Amino acid sequence: MYKRLFIAFCCLSIYSCAPSHFVKPLEKKQHAANVSLGGPLIKFGTATIPIPFITATYGYGIDSTLTGFASVNVTSALYGNVQLELGATKQLLKQKNYWPAVSFNPVVNFIYHDKNAYKIYPQLDLNAFWEYGKRKNFFYIGVDNWFELSSKKAFDLKQQNKWLVSSMIGHTFNGKKWNFNIEAKVIAPHLSNKDIVVDYQTPLRDKGAFGIYFGYTRKF
Amino acid sequence: MKRIILFVTIILLSSCLRLDDNLFNESKLSEYKLENYTGEVDFRLDYNYAIPDSMVHLFTLPSQASDESSATTIYAVYIGNISEITTDTVIMYCHGNKDHMDFYWQRAKLLANTKNKNRFGVMMIDYRGYGMSEGKPSEKALYADVDAALKWLKNKGLTNDRLVMYGFSMGTAPATKITANNNYSLFPAKLLLEAPFASAEVMVQDGSGLALPGSTVTDLQINNGEEIKKVQQPFFWIHGENDDFLSINTHGSVVYNNYQGTYKEQHRIPGAEHSTIQTVMGFSNYLNAVGDFICTH
């Protein structure tokens with residue numbers, strides 16, 4: 001066999017298909033629609049490309065420190081799956097000079113193909129962000145935690161990976177009606193990426209994957 | 001609203017993408033060069049392993065699954081004396097998912113040196129879409145194409161007891177399926193699997209790190225880990241311990257452990273990767289292991 005197999009989807013990517021959602025909460029009663037594109041870098045032929053995951057997200061500011069959101073993984077939908085994320089962003093701390101604002105996102109990820117093939121993955125993100133300048137652009141860093149609830153996988157093999165950690169760094173350009181976001185993510189650096197069908201391209205060599213994401217948000 | 005309708009429509013209309021075709025990594029050829037092929041190969045044998053031209057037969061076969069209305073022409077190579085198929089033992093070599101028979105020629109030629117030169121006949125085909133074979137590869141076609149070769153061998157006088165099935169990588173799927181189910185033209189007497197995969201689902205789970213159902217991305221039913229449970233014939237498994245494509249632990253070991261037949265032996269090759277078992281092990285050691293299994297069990 002050769003490394004082309006299953007290159008497009010399966011990866012370390014189900015849990016790295018999107019950048020962080022609403023690191024900073026929306027204003028109270030504000031709506032926002034976001035589209036993000038990007039994913040883990042893989043070797044495809046002689047080139048290194050991000051897996052082109054597309055995620056569409058809708059968010060609503062419940063109050064000034066709490067935003068609810070729902071996402072659809074469009075790429076997963078192309079494969080006949082309903083993959084949804086339902087979650088919220090809660091800001092815990094405000095920024096004080098160099099001390100960042102802190103938020104967290106509890107999220108439920110749900111992927112459904114048919115009655116015999118569906119999964120639920122809880123996720124918890126922790127974020128710190130620093131606003132600066134007139135436009136209130138901000139940098140952020142964060143940790144993304146996915147939890148695998150199954151103890152067994154195919155052929156009753158033990159599911160070794162129960163807690164999948166990724167860390168990210170990003171920047172959001174803030175406009176009146178829009179945001180533009182870029183994020184880099186180190187995905188599951190504690191897991192080996194050897195002996196699998198996908199060639200991940202990562203500075204960590206045989207560990208995890210490295211993802212790049214772009215997002216555009218329209219606020220209304 | 002129009003945008004929402006467009007979005008939903010795209011989702012509904014496009015819900016048929018699957019990764020099934022990614023199983024196949026075929027290349028087309030305008031002619032077969034076999035020994036004179038100068039493209040990339042995993043290894044090249046020296047003159048000690050040369051096969052006389054008179055023992056190399058390139059020809060076409062009609063391949064037709066039971067529910068197909070017409071046959072597809074595929075190419076085959078037989079290494080050996082065709083007139084002696086009535087008495088010879090024949091290795092049916094099912095190649096991997098990459099390229100074509102020119103790429104696998106050295107591997108087939110090596111097997112033709114098992115024990116002594118041309119002691120065993122070796123049959124190899126290009127699946128549909130590979131090399132000069134017509135058509136498009138598919139899981140169903142894999143089985144039909146190998147069965148077309150078995151039909152030809154049967155017509156030349158081969159019997160079940162002298163058929164040895166050998167599968168490498170993707171080729172382990174038709175090799176296992178046909179050895180497990182007695183409803184093809186011949187029913188092999190022995191099974192050898194080199195770097196087998198357990199199932200498409202294991203590939204998905206290895207790739208994702210999660211216990212994700214395989215059907216979320218593929219409709220492939222290939223499942224050597226289950227099929228092997230039906231195999232009663234003697235079984236030989238060889239796998240590189242450093243296989244960086246199909247893990248020896250999640251793929252090969254599962255197949256080996258699930259075998260419940262009369263005899264099995266395993267060869268875990270330290271230092272060998274997916275395509276380097278023969279070179280790491282050494283050609284003569286490899287041939288001795290294969291030959292001893294075929295002759296003894």
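Among the contacts in chain B with a separation of 6 or more, what percentage comes from residues 24 or more positions apart? The figure is 76%. A contact means two C-beta atoms, placed from the backbone, within 7 Å.

**Before you click**

This is a predicted model, where local features need pLDDT of at least 70, side-chain atom pairs count only at pLDDT 80 or more, and totals for chains, interfaces and linings use all residues. Residues are numbered from 1 along each chain as its sequence is written, while chains are lettered from A and ligands numbered from 1 in the order in which they are written. The model scores ipTM 0.76 and pTM 0.83.

**Select chain B**

Chain B has 9 helices and 10 strands. These are DSSP runs numbered from the N terminus: helices are H or I with at least four residues, strands are E with at least two. The radius of gyration of chain B is 20 Å, close to the 19 Å of the globule rule for 297 residues, so chain B is as compact as a globular protein of that length. The radius is taken over C-alpha atoms, and the rule is 2.2 Å times the number of residues to the power 0.38. The C-alpha trace of chain B spans about 75 × 40 × 40 Å along its principal axes. Of the 297 residues, 53% are buried. Buried means 20 or more other C-beta atoms within 10 Å of a residue's own, exposed means 12 or fewer, and partly exposed lies in between; C-beta atoms are placed from the backbone.

Colour by pLDDT, the predictor's confidence in each residue from 0 to 100. Chain B averages 92, and 93% of the residues score at least 70. Now pick residues 3–16 of chain B: pLDDT stays under 50 there, and the model has 5 contacts beyond four places in sequence for this stretch.

**Select the sheet of chain B**

Show the open sheet of 8 strands, in the order E2-E3-E6-E4-E7-E8-E9-E10 (chain B), with mixed pairing. Its edge strands are E2 and E10 (264–269) of chain B, each pairing on one side only. Two strands pair if DSSP finds at least two bridges between them. E3(B) and E6(B) pair antiparallel over 4 bridges. Zoom to Tyr78(B), which stands opposite Met123(B) in E6(B).

**Select the helices around it**

Start with H3 of chain B, residues 139–155. Its buried residues include Ala141(B), Leu142(B), Val146(B), Leu150(B) and Trp152(B). Among the elements covering the buried residues of H3(B) are strands E2 (56–63) and E3 (72–79) and helix H4 (172–180) of chain B. Gly157(B) follows H3(B), with a positive phi near 110°.

Move to H4(B). This helix lies across E4, E7 (163–168) and E8 (190–194) of chain B, at about 145° to E7(B). Angles run from 0 to 180 degrees between N-to-C directions; axes are lines fitted to C-alpha atoms, for helices over the stretch in contact.

**Two positive phi values**

Which loop holds Ala195(B)? Look between E8 and helix H5 (200–208) of chain B. Phi of Ala195(B) is near 50°, positive in a residue other than glycine. Ala195(B) is buried, with 28 other C-beta atoms within 10 Å.

Switch to chain A, with 1 helix and 11 strands. Buried residues make up 45% of its 220 residues. Select Asn97(A), in the loop between E5 (82–93) and E6 (101–114) of chain A. Asn97(A) is not a glycine, yet its phi is positive, about 55°. Is Asn97(A) buried or exposed? Asn97(A) counts as exposed, with 6 C-beta neighbours inside 10 Å.

Note on methods: Expected span 1.5 Å × (residues − 1).
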